[in-house]
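The following note was prepared for a colleague who asked for a reading of this model. The points are numbered so that each can be taken up separately.

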Amino acid sequence: PHVTTPTPKAQPGAGRLPAVRRSWTRLRGRALPGGTYGALAVVSGLVTILIFVRAGEPAGPSQGRGPGEQATSLATLAESSGLLTGLSRSVMLIGIVALCVAAAQIAGEYTQGTLRTLLIWRPQRLQLLGGTWAALVTFMAGAVVVAATASGVVALIAAQAKGIDTASWFSGDGLSSSMRTLGEGALAIAGYTTL
């Protein structure tokens, strides 16, 4: 007699996790984490160095700033929000990288023909799209954390060189401000990635 095996019922939410894992595997396999995270850490560090080097300089036509626009003052950098000033100023650059990484990931799926195979294997398009989106957003959120770490370390070194008091950076307000800057940066990057 012919015996049929009952098909196991899908667990709630089980459809998205394989798509997230598969997308993360592809991201890791392309050596993107080291290159992307490293490049964004360098960019964030360089922006931070530039901010501290130019701190307190008067505005002038040779410095490429508009009339009346001044460099960030030393007093402003000593405030509670000074630790991640470099990150907040480099969010647009990080966003452009996030947009390029997401576009390259999706375009690579199409040009290599894996998107067609995935749609045959997993026809639930929203689950596939949601899993890919979640993997890309978490990947770029990790990049924001790495960039924030680099920016903070460079800011501490530059503040010592400039003689800036950093006590307010590690106060309750300073830590709250840093977490808010990190959260706003991650939200902005999630927006660029979604776009």
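What is the mean pLDDT of the protein chain, and what percentage of its residues reach 70 or more?

1. Overall confidence. The structure is a predicted model. The mean pLDDT of the protein chain is 79, and 80% of its residues reach 70 or more. Among the elements of the chain, helix 8 has the highest confidence, at a mean of 92, whereas helix 1 (residues 16-29) has the lowest, at 69.

2. Stretches to be read with caution. Residues 5-15 have a pLDDT below 50, and this stretch makes 2 contacts in the model beyond near neighbours in sequence. The pLDDT is also below 50 over residues 62-69, for which 11 contacts beyond near neighbours in sequence are found in the model. Where pLDDT is low, predicted coordinates should not be read in detail.

3. Aromatic pairs. The whole structure contains 2 aromatic pairs. In one of them, the ring centres of F52 and W169 lie 6.4 Å apart with their planes at 80°, so the arrangement is edge-to-face. The pair joins distant parts of the chain, since F52 belongs to helix 2 (residues 32-53) and W169 to the loop between helix 7 and helix 8, 117 residues apart. F52 and W169 are both buried.

4. Is T193 buried or exposed? T193 counts as buried because its relative accessibility is 7%, where the limit for a buried residue is under 20%. Apart from neighbours within four places in sequence, T193 is in contact with A98, A102, L136, V137 and M140.

5. The second largest pocket. The volume of this pocket is about 150 Å³. Which helices each supply at least two residues of its lining? They are helix 5 (91-111), helix 6 (114-121) and helix 7 (125-162). Helix 7 gives the most to the lining, with 4 residues.

6. The residues that line the second largest pocket are R22, I106, E109, L115, L118, L119, R125, L128, L129 and T132. By class, 6 of the lining residues are nonpolar, 3 are charged and 1 is polar. The charged residues of this lining include R22, E109 and R125, while T132 is a polar one.

How values were computed: Residues numbered from 1 in each chain as written. Predicted model: local features only at pLDDT ≥ 70, side-chain atom pairs only at ≥ 80, totals over all residues. Heavy atoms only, no water. 1 Å grid on protein atoms, 1.4 Å probe; cavity = no way out; pocket = protein on both sides within 12 Å on 5 of 7 lines; lining within 4 Å. Points joined across faces, edges and corners; volume = space filled by probe spheres on them. Buried < 20%, exposed > 50% of the residue type's maximum accessible area, 1.4 Å probe, protein only. Contact = heavy atoms within 4.5 Å. Phe/Tyr/Trp six-rings, centres within 6.5 Å; stacked < 30°, edge-to-face > 60°. pLDDT = per-residue confidence, 0-100.
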